[in-house]
Amino acid sequence: MSLPTRPLGTNGPEVPAQGLGTMSMTDFAYGPADEDEAVATILRALDLGVTFLDTADVYGLNENEKLVGRTIAARRDEVTLATKFGIVFRNGKRGIDGSPAYVHEACDASLARLGVDHIDLYYLHRPDTTVPIEDTVGAMAELVAAGKVRHLGLSEASADTVRRAAAVHPIAALQSEWSLFTRDLETDVVPACRELGIGLVPFSPLGRGLLTGTVTDVDALAANDFRRSNPRFADGPFDHNLALVEVVKDVARERGCTPGQVALAWLTAQGDDVVPIPGTKRRKYLEENVGALAVRLEAADLERLGALDPAGDRADDMSFVHRETPARR
């Protein structure tokens with residue numbers, strides 16, 4: 001099956017207009033994993049034409065890359081494979097490492113876990129606020145020169161960081177949280193990316209499940225589901241946000257689709273350079289998400305949806321978009 005495609009920026013690859021985030025497929029943040037269903041979901045994605053797959057070394061503490069690599073091994077040539085590095089766990093603590101030496105170490109480790117000879121799109125998962133972005137991207141550029149990586153990306157980077165990075169090497173894509181409920185990057189980051197010809201890859205485009213209309217009770221979430229500690233799921237903000245989801249449901253009824261499809265269609269309509277990567281570990285939700293590409297929203301729908309004002313901040317570790325890396329000496 002073929003899907004409409006979009007280029008990831010001026011210098012990046014052509015990919016389907018929607019990708020697949022695989023984070024939830026390993027026991028990491030959204031409750032227990034089901035490997036058989038995860039494998040079936042990835043293979044179904046490829047059959048549907050969703051060939052832009054996103055993983056990271058930290059997902060499942062390395063296990064996610066192994067899962068994705070095993071699953072696509074026989075169909076590697078169909079896939080635009082993206083992974084990320086930079087978040088580390090050392091001495092029981094979480095940190096960020098964007099040092100040049102670690103860039104090479106992390107890439108080699110990801111290549112081995114994925115079982116591939118190159119990564120199509122390699123992201124810095126979070127900017128390292130102790131290392132000049134020029135040094136990190138300079139080392140990433142060496143990976144391109146060595147043939148280990150085809151294109152470079154950043155994740156959760158500020159407009160200034162994006163500009164400084166692009167001055168060192170072309171950046172194909174900026175991955176950041178973006179949805180009807182998370183729009184802070186629209187002020188500075190999106191214009192900077194468009195000025196530089198960098199594609200936009202929104203993660204959590206469904207508001208961490210809120211915008212699907214299926215999450216109505218925080219207590220019903222799995223005990224290890226990180227949303228239990230997310231500010232938008234806290235008492236007070238959660239009820240406010242559920243009321244906003246009713247607006248999304250109203251639009252969905254009018255358009256004959258699901259609330260999640262409305263949320264994805266809104267994001268896709270933000271520009272031809274936008275390629276959302278909704279994450280799921282189940283085939284039924286994958287198929288629903290892909291169906292959003294056929295949904296067409298009217299101008300009045302876009303205006304109504306764009307006026308939603310959610311309560312609660314983003315999770316603390318998602319605030320790197322407001323941080324800077326030090327100046328290069």
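Q: What makes helix α8 mostly covered?
A: In this predicted model, 10 of the 10 residues of α8 (residues 259–268) are buried. Buried means under 20% relative accessible area. Among the buried residues are Pro 259, Val 262, Trp 266 and Thr 268.

Q: Which elements do the buried residues of α8 pack against?
A: They pack against β1 (5–7) and β11 (199–203). They also pack against α7, α9 (283–291) and α10 (299–306). Contact here means heavy atoms within 4.5 Å.

Q: Where is Arg 208, and what is its phi?
A: Arg 208 sits in the loop between β11 and α7. Its phi is near 60°, a positive value in a residue other than glycine.

Q: Where is Leu 61, and what is its phi?
A: Look in the loop between β4 (52–54) and α2 (63–72) for Leu 61. Its phi is near 50°, again positive in a residue other than glycine.

Q: What makes a set of residues a nonpolar core?
A: The members must be buried, of the listed nonpolar kinds, and joined through side-chain atoms within 4.5 Å. The largest such core here has 81 residues. Leu 154 and Leu 305 touch the most other members. Helix α7 (residues 237–255) gives the most to this core, with 8 residues. Apart from it lies another core of 12 residues, including Phe 52 and Ala 82. In soluble globular proteins, nonpolar side chains tend to be buried together.

Q: Which residues does Leu 305 touch, not counting residues up to four places away in sequence?
A: Leu 305 touches Leu 180, Val 248, Val 251, Val 262, Trp 266 and Leu 297.

Q: How many cavities of 30 Å³ or more are there?
A: The count is 1. A cavity is space where a 1.4 Å probe fits but cannot get out. The largest cavity has a volume of about 80 Å³. Of the 13 residues that line it, the closest to its centre are Glu 177, Gly 207, Arg 208, Asn 230 and Arg 232.

Q: How does the lining of the largest cavity divide?
A: The lining has 4 nonpolar, 4 polar and 5 charged residues. Glu and Arg count as charged, and Gly as polar.

Note on methods: Residues are numbered from 1 along each chain as its sequence is written. This is a predicted model: local features need pLDDT of at least 70, side-chain atom pairs count only at pLDDT 80 or more; totals for chains, interfaces and linings use all residues. Side-chain values use heavy atoms; hydrogens and water are left out. On a 1 Å grid over the protein atoms alone, a cavity is a set of points where a 1.4 Å probe fits but cannot get out, and a pocket is an open set with protein on both sides within 12 Å along at least five of seven lines; lining residues have an atom within 4 Å of a point. Grid points are joined across faces, edges and corners, and a volume is the space filled by probe spheres set on the points. Buried means under 20% relative accessible area, exposed over 50%, partly exposed in between (1.4 Å probe, protein chains only). Helices (H or I, at least four residues) and strands (E, at least two) are DSSP runs, numbered from the N terminus.
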